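Morning, everyone. Please bring the model up on your screens. I'll keep this brisk.

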Amino acid sequence: MYYYIVAFLMFPWMSDPYIMVNTEMRYKTFGDCYTTMMKNRSVLTMGLTARYPDLKDYSIRCIDHQNLYDLQQNLKQERHEPTEFNIK
């Protein structure tokens with residue numbers, strides 16, 4: 001099982017979150033994902049708010065690939081969409 005850092009983005013005109021997946025990196029354990037996410041949280045937050053100034057709310061989480069796929073299916077979003085949400 002793999003884990004990804006995922007941002008759930010809410011815009012004023014949306015009722016469901018938009019899922020943004022960092023496909024550049026995947027983690028074998030939740031702990032590795034969470035540690036990386038927490039270490040880079042401020043950079044990730046600044047990147048999201050700079051790129052999306054109309055963002056109403058957001059949440060950054062670590063999610064395993066199966067639950068991520070299920071969420072994307074339920075929200076009718078493509079699996080692992082390309083993204084510019086990257087850790088540098």
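Start with helix α3, residues 65-74. Helix α3 lies across β1, β2 and β3, and runs at about 130° to β3. Contact here means heavy atoms within 4.5 Å. Axes are lines fitted to C-alpha atoms, for helices over the stretch in contact, and angles run from 0 to 180 degrees between N-to-C directions. Helices (H or I, at least four residues) and strands (E, at least two) are DSSP runs, numbered from the N terminus.

A word on the source. This is a predicted model: local features need pLDDT of at least 70, side-chain atom pairs count only at pLDDT 80 or more, and totals for chains, interfaces and linings use all residues. Numbering starts from 1 along each chain as its sequence is written, and side-chain values use heavy atoms, with hydrogens and water left out.

Now the sheet. It is open, with 3 strands in the order β2-β1-β3 and antiparallel pairing. Strands pair if DSSP finds at least two bridges between them. β2 (18-21) and β3 (57-64) are at the edges with a single partner strand each, so one side of each has no neighbour in the sheet. The twist averages 30° from one strand to the next. β1 (residues 3-10) pairs with β2 over 4 bridges. Ala7 has Met20 of β2 as its bridge partner.

Last, helix α1, residues 30-39.

Note on methods:
Buried < 20%, exposed > 50% of the residue type's maximum accessible area, 1.4 Å probe, protein only.
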